[in-house]
Each structure stands twice: as C-alpha cells, then as structure tokens.
Amino acid sequence: MLKTIRQWLGAAADVVLPRVCPVCGKALDDDEQWLCRKCLADLPRTRYEDVPFNAMEQHFAGKVPVERATAYFFYEKGSPYASVLHDIKYHSVPRMGRWLAARAVRDMKGSRFFDGIDVVTAVPLHRSKLAHRGYNQSEYLARGIARELNIPYIDTLKAVRPHATQTRKGALERWQNIQDNYSLKNNDTARLAGKHILLVDDVITTGATLTVCSSLLKTIPGVTVSLFTLAAARLE
C-alpha cells in the first residue's frame, strides 16, 4: 500500500515538474533514472581501466605512486555531458552522482579495476564551502562506490583551509594553491595501515588535488592508493 502511494505521488510530481535528462532535455520514462537510455549509452567513456599504464596513470607517474587510476567518462567544456557534472556539483542533485558511480562499478566489473580495494574515501571540502553548498559531491560518489562494492567508506582526509577557485589556474598555480590545504584525520591512520584505499573525486583536470591527497594517504604505513574520478578532462 505504501509503495503504491509513493508511486502515485511520484507520478503526480512528474506531471507538475517532469523529470528530464540533463544531457538532452528529454522527459525521462518511468524506468529511466537520471539519464535517458540513449544518453547513457552514448556516454563518452574513457575505458582507462582496460588500458595498462593508461593516460591517467601516466599523469601521476613521477609525482605520487598510485596502483591504478581511471575515470568513468570524458569531460569537455561545452559538451552536453558537462551538465551532468554541473548538476551534481552545483545544482543540488548529488544523488545522481551516487547513482552514476555505482553504475560505473557495474560497468567496469570485467576490468577488475576494483578488485582488492579495502576502503573508499573522498577528496574533502572545507567546512565553509560545505556549509555553502550543503554537501560534498565527491563523498556522494565515494559512498555510491563503497555501497556497490560492500566495503567501508571512511572520511580519511580533511580540508584545513579554503582555497581560491582552480578553474582559471594552470598546473603549477593549482599546486601552489592547494599544497597546504589538506591533512589526514589522525584518528584514522592506525586502522588504515596496510589497506588499499580508493580515493574518489568528481573530475580530474590537472590532477593537483589528487596528487596532494594521494601523497598524504601514502604517508600511512603500507597503504596502497588507487584513484577514481567520475569524469576526466583530456589529459596531456
């Protein structure tokens, strides 16, 4: 009975404010979640997880040792798929990110990318930005992965000071902007020793944030770090 009421309320809400695909704007069918079938099928996948020493892993070579690295799809400014990231990050629909991250796990199952991961964690937001936005989109992604893999999500890192926007900065400027912005939560280090940690963020552009956060995790004895981002700019 309760399920029937919820279905009726959901249908009524769709009449008043139809659910639409953020990529193409098409009204979603009842069995479509967040993205329509066509846009989901056309998602510009990186498929990095199928490539040994892929472009994302090469990007971190010589900066910080990572076990594996991948991104679910390519991000290009002006692409219809850029709206997916913008909605997740700025338009208060982080649940779409959690759903996409869980789907990424299922889509990548054949690659065995997630094999051996013990713990999932996320790039943190400073409390001032968290208060303004209301949520950390990277945490939603990480929790979606952890739930799909049935492994723990742990808040391992903290943002100790805010930083200026990274959007218009080059690689060196981004590094200088954030190198002292993060630290480990001291109470987590003992239980994370020897673990394989998956560090999650929403998008990789220069990789400066992931480099800093990975370096911090690597200070924990015996830790192995792998990286996942929902999206990736074309890496050079």
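## The sheet

Strands β1 and β6 pair in the parallel sense over five bridges, where two strands count as paired if DSSP finds at least two bridges between them. Helices (H or I, at least four residues) and strands (E, at least two) are DSSP runs, numbered from the N terminus. Ala69 has Leu227 in β6 as its bridge partner. This is a predicted model, in which local features need pLDDT of at least 70 and side-chain atom pairs count only at pLDDT 80 or more, while totals for chains, interfaces and linings use all residues. Residues are numbered from 1 along each chain as its sequence is written, and side-chain values use heavy atoms, with hydrogens and water left out.

The pair belongs to an open sheet of four strands in the order β1-β6-β5-β2, with parallel pairing. The edge strands, each pairing on one side only, are β1 (69–74) and β2 (119–122). From one strand to the next, the twist averages 20 degrees. Strands of a sheet pair through backbone hydrogen bonds, either parallel or antiparallel.

Contact means heavy atoms within 4.5 Å. Helix α10 also packs on the sheet, touching β2, β5 and β6, and its direction makes about 165 degrees with that of β5.

Helix α10 (residues 208–217) is mostly covered, with eight of its ten residues buried. Buried means under 20% relative accessible area, exposed means over 50%, and partly exposed lies in between (1.4 Å probe, protein chains only). The buried residues of α10 are Ala208, Thr209, Leu210, Thr211, Val212, Cys213, Ser214 and Leu217. Strand β1 is mostly covered too: six of its six residues are buried.

## Helix pairs

Two packed helices are described by the angle between their axes and the distance between the axes. Axes are lines fitted to C-alpha atoms, for helices over the stretch in contact, and angles run from 0 to 180 degrees between N-to-C directions. Helix α5 (residues 94–107) and helix α7 (residues 137–149) pack at about 40 degrees, with axes 7 Å apart. That angle makes α5 oblique to α7; angles under 35 degrees count as roughly parallel, over 145 as roughly antiparallel, 65 to 115 as roughly perpendicular and the rest as oblique. From α5, the contact includes Pro94, Arg95, Gly97 and Arg98, and from α7 it includes Tyr140, Leu141 and Gly144. By class, this contact has eight nonpolar, two polar and four charged residues. Ala, Val, Leu, Ile, Met, Phe, Trp, Tyr, Cys and Pro count as nonpolar, Asp, Glu, Lys and Arg as charged, and the others, Gly among them, as polar.

Helix α4 (residues 82–90) and α5 pack at an angle of about 125 degrees, with their axes 7 Å apart. This makes α4 oblique to α5. In the contact, Val84, Asp87 and Ile88 of α4 meet Pro94, Met96, Gly97 and Leu100 of α5. The classes are five nonpolar, one polar and one charged. The buried residues of α4 are Ala82, Val84, Leu85, Asp87 and Ile88, and they pack against β1, α5, α7, β5 and β6. After α4 comes Ser92, whose phi is positive, near 60 degrees.

## Loops

Leu28 lies in the loop between α1 (2–16) and α2 (37–41). Leu28 is buried, with a relative accessible area of 12%. Not counting residues up to four places away in sequence, Leu28 touches Arg19, Val20, Cys21, Trp34, Leu35 and Cys36. Pro18 and Leu28 are ten residues apart in sequence and 7.8 Å apart in space, C-alpha to C-alpha.

Arg47, in the loop between α2 and α3 (55–60), has a positive phi near 55 degrees. Arg47 counts as partly exposed, at 44% relative accessibility. Arg112 is in the loop between α5 and β2, and its phi is positive, near 65 degrees. At 58% relative accessibility, Arg112 counts as exposed.

## The whole protein

The protein has ten helices and six strands. Of its 236 residues, 47% are buried. Among contacts with a separation of 6 or more, 72% join residues 24 or more positions apart.
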